[in-house]
Amino acid sequence: MSKQIHLWAFLQGIGFYPTGWMHERARPEGVFSMDYYSYVARLAEKGRFDAIVFGDQLQSRGAGGRTPERMAMPTLDPMTLLTAMAAVTDHVGLVATISTTFNTPEMLAERFGTMERITGGRAGWNIVTSVHPDTAGNFGLDEMPPKETRYSNAADVVDKACELWAAMDRAGPHLNQGRPVLVQAGQSPAGREFAARTAEAIFCPAPSIEAGIDFRNDMRSRISGVGRNPDGTRVMPGLSCVLGGTEAEARANHKAIMDMASVELAIEYLSESLCCDLTSFDPNAKLPVEAILEKTLLPTADVGRMVTPAGEKGTSLRDFAMNFMLNPRGHNVFIGTPEQMADMMIEWRDAGACDGFTLQPSYMPGGLEDFVEGVIPILQQKGRYRTEYPGTTLRSTLGLPAYERTEA
Amino acid sequence: MTRPFILSAAIADPELAVPETAATYLAAADEAGLDLLLFGEAGGRPFDAQVLVAWAAPRSQRVGLVATVPASNAHPFHVARALSAVDFLSGGRTGWSVIPEGAAEGTAEDMVGAARSLWDGWGSDTLILDKASGRYLDASKVKASNYEGPFFKVTGPVNAMRPLLGQPVLVLDDAAPIAIKDADIALVSEATADAGATKSLLKVTLDTKVEDVAALFADGKIEGVHMSLSDPLAELPKLAALFAEQVAANPGGEGDLRARLGLPLASTASNQPDGAKIPEIA
């Protein structure tokens with residue numbers, strides 16, 4: 001049998017592009033209503049996605065103390081949304097992002113254990129350690145714990161949570177999967193090492209097929225290195241798309257998304273990404289590199305790498321911000337016909353660049369509708385994608401080995 | 001103000017976390033005309049109720065969904081976000097009951113204060129959602145809470161919208177008392193003038209004398225009844241039948257849970273008069 005493609009739907013907020021909420025086929029008011037989530041959950045299940053994934057943050061947007069006015073926010077609590085989506089579906093998995101830094105093992109084990117039960121075994125945990133500097137103040141801290149501390153703590157929290165789930169499973173009611181599927185998205189060497197020891201699925205950016213191959217090979221070798229079977233972990237790079245009946249139509253659809261961009265939105269988006277408020281600067285003047293480096297709450301070395309080259313070239317704030325927003329770094333963005341997209345996905349899979357993809361629709365729900373109606377049937381006709389779910393748990397959908405129960 | 005006879009019940013059965021069972025319990029609660037269903041209670045909380053009320057939102061039509069939240073195993077930032085989301089998904093039917101459950105004295109009260117300050121950080125009319133102008137919200141309506149209590153320090157703003165109800169309906173239980181004076185509902189073993197809430201519900205069993213309850217209601221000492229269920233499918237229809245006359249004679253209002261039950265937002269608890277308004281998109 002040809003290699004099967006796995007698919008996750010990353011449905012945070014109102015789409016991949018910051019301009020997405022303004023699209024005529026976007027429903028920004030929908031993100032506050034159950035009707036919208038019922039529709040989207042059933043659409044994902046109709047598309048036979050493995051899972052719906054929501055990212056998460058533990059702070060509101062507000063770089064430099066200024067809440068942006070043009071970005072789609074706030075989003076609602078992902079675990080709540082996913083559990084409600086489970087109530088209106090039967091098969092699709094539900095992966096919630098929960099921080100190990102700002103939850104005790106007891107808190108998150110109880111939340112996820114309950115979610116695992118009420119979803120009938122469809123829960124997944126995207127394990128994050130939280131990184132945004134504004135998070136600390138919401139939990140009584142002056143600053144974020146250092147990265148090494150966060151990762152060593154994460155390993156302890158995961159171990160303890162697994163013990164608590166084993167106890168919940170034994171006490172009953174039974175947990176269908178034993179525990180949630182463990183998902184990770186670390187990119188740094190520390191993050192990859194943690195994922196190698198822990199993750200059963202990995203979400204990552206891969207802008208090109210070569211980058212995908214390198215990442216997957218690296219992860220498979222790290223996973224073997226810690227004595228685990230690399231076939232027990234799915235590598236799921238991000239993928240966004242803008243589709244059209246012809247290539248020209250797809251490009252026109254992409255241009256329409258780009259044309260909705262305003263300089264004001266772009267500067268707010270850049271401000272959030274750099275953790276410093278740039279809205280008071282003249283957009284036509286040179287990118288204020290010195291001010292950015294002085295004000296940012298992020299590590300200045302990282303920010304310096306992003307902004308210094310443009311500063312040396314004399315790029316304006318306006319141009320830098322527009323380019324930054326409209327040319328998303330890191331993730332693969334496909335623009336073309338559904339046939340071309342299906343071929344690209346198969347090529348990546350056959351080349352060993354991934355086990356599947358984490359689809360990030362460019363706007364919602366229109367972008368997901370286009371993909372489910374256009375691309376899924378082609379992948380199915382080519383025998384590369386399921387037409388029915390193999391079982392009812394996320395673990396069975398991912399084709400992962402069964403969870404091994406141990407005695408207390 | 002509306003003065004309905006309020007029917008409330010609690011389920012602490014671990015099977016409430018099993019989807020097939022939960023579905024039958026929720027259908028029975030709606031069928032019985034229950035106004036409030038507490039998920040767990042003091043001394044019986046074998047699940048995370050905040051997760052279960054999320055599942056219940058699309059699986060129920062009318063009943064108020066009250067999550068029992070343990071101060072010992074929750075954080076107000078997470079609680080504020082979870083219950084805000086449930087309130088949107090349930091169309092304004094959310095409640096919460098904070099119990100100490102072993103936490104140090106004052107923790108539960110601190111949790112209530114912190115979560116309220118986070119919900120109040122977002123104005124009722126924050127959202128604009130104007131595709132044409134590109135303005136999504138009015139930032140002047142978003143405020144950092146800078147809450148500092150004895151146990152929780154929370155800067156805010158929270159990345160969750162102000163709930164439709166403004167704040168979820170806060171329920172006190174005299175089996176696990178906390179020092180809150182401006183709650184919405186108090187579950188009391190006997191009628192008292194000092195229950196700490198807008199309305200008191202008398203704890204009853206199926207053996208309670210209806211005449212006694214009717215007299216207390218007529219005197220304005222209680223606003224309805226609450227029962228802890230051990231066999232929900234058998235007991236819910238009986239509870240509804242026992243008080244059918246009171247319920248029929250004293251119907252609730254129209255609208256969200258606060259409007260139906262006659263529970264205005266506590267002025268002491270909120271710097272906002274209303275719940276969130278979601279603009280309609282043409």
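Trainee: Leaving aside neighbours within four places in sequence, which residues is Gly13(A) in contact with?
Mentor: Bear in mind that this is a predicted model. Gly13(A) sits in the loop between β1 and α1 of chain A. Once its neighbours within four places in sequence are set aside, the residues in contact with Gly13(A) are Val31(A), Tyr36(A) and Thr75(A).

Trainee: Is Gly13(A) buried or exposed?
Mentor: The limit for a buried residue is a relative accessible area under 20%. Gly13(A) has a relative accessible area of 17%, and therefore it counts as buried.

Trainee: What distance separates the C-alpha atoms of Gly13(A) and Glu373(A)?
Mentor: Along the chain, Gly13(A) and Glu373(A) are 360 residues apart.

Trainee: Which residues do ring pairs link into a cluster?
Mentor: Over all chains, the structure holds 18 aromatic pairs. Ring pairs join residues from chain A and chain B into a cluster, namely Phe102(A), Phe139(A) and Phe77(B).

Trainee: Are α1(B) and α6(B) roughly parallel or roughly antiparallel to each other?
Mentor: Helix α1 (residues 19-31) and helix α6 (residues 232-242) of chain B pack with their axes 9 Å apart, at an angle of about 5°. The contact is made by Thr24(B), Tyr25(B), Ala28(B) and Ala29(B) of α1(B) together with Pro232(B), Leu233(B) and Leu236(B) of α6(B), and these residues divide into 6 nonpolar, 1 polar and no charged. Because angles under 35 degrees count as roughly parallel, α1(B) and α6(B) are described as roughly parallel.

Trainee: In β12(B), which residue is the bridge partner of Ser8(B)?
Mentor: In chain B, 8 strands close into a barrel with parallel pairing, in the order β1-β2-β3-β4-β9-β10-β11-β12, and neighbouring strands are turned by 30° against each other on average, direction ignored. Strand β1 (residues 6-11) and strand β12 (residues 224-229) of chain B run parallel and are joined by 6 bridges. Within β12(B), the bridge partner of Ser8(B) is His226(B).

Methods: Residues numbered from 1 in each chain as written. Chains lettered and ligands numbered in written order. Predicted model: local features only at pLDDT ≥ 70, side-chain atom pairs only at ≥ 80, totals over all residues. Heavy atoms only, no water. Pairing = 2+ DSSP bridges. Helix = DSSP H or I, 4+ residues; strand = E, 2+ residues; numbered from the N terminus. Axes fitted to C-alpha atoms, helices over the stretch in contact; angles between N-to-C directions. Parallel < 35°, antiparallel > 145°, perpendicular 65-115°, else oblique. Contact = heavy atoms within 4.5 Å. Nonpolar A, V, L, I, M, F, W, Y, C, P; charged D, E, K, R; others polar. Phe/Tyr/Trp six-rings, centres within 6.5 Å; stacked < 30°, edge-to-face > 60°. Buried < 20%, exposed > 50% of the residue type's maximum accessible area, 1.4 Å probe, protein only.
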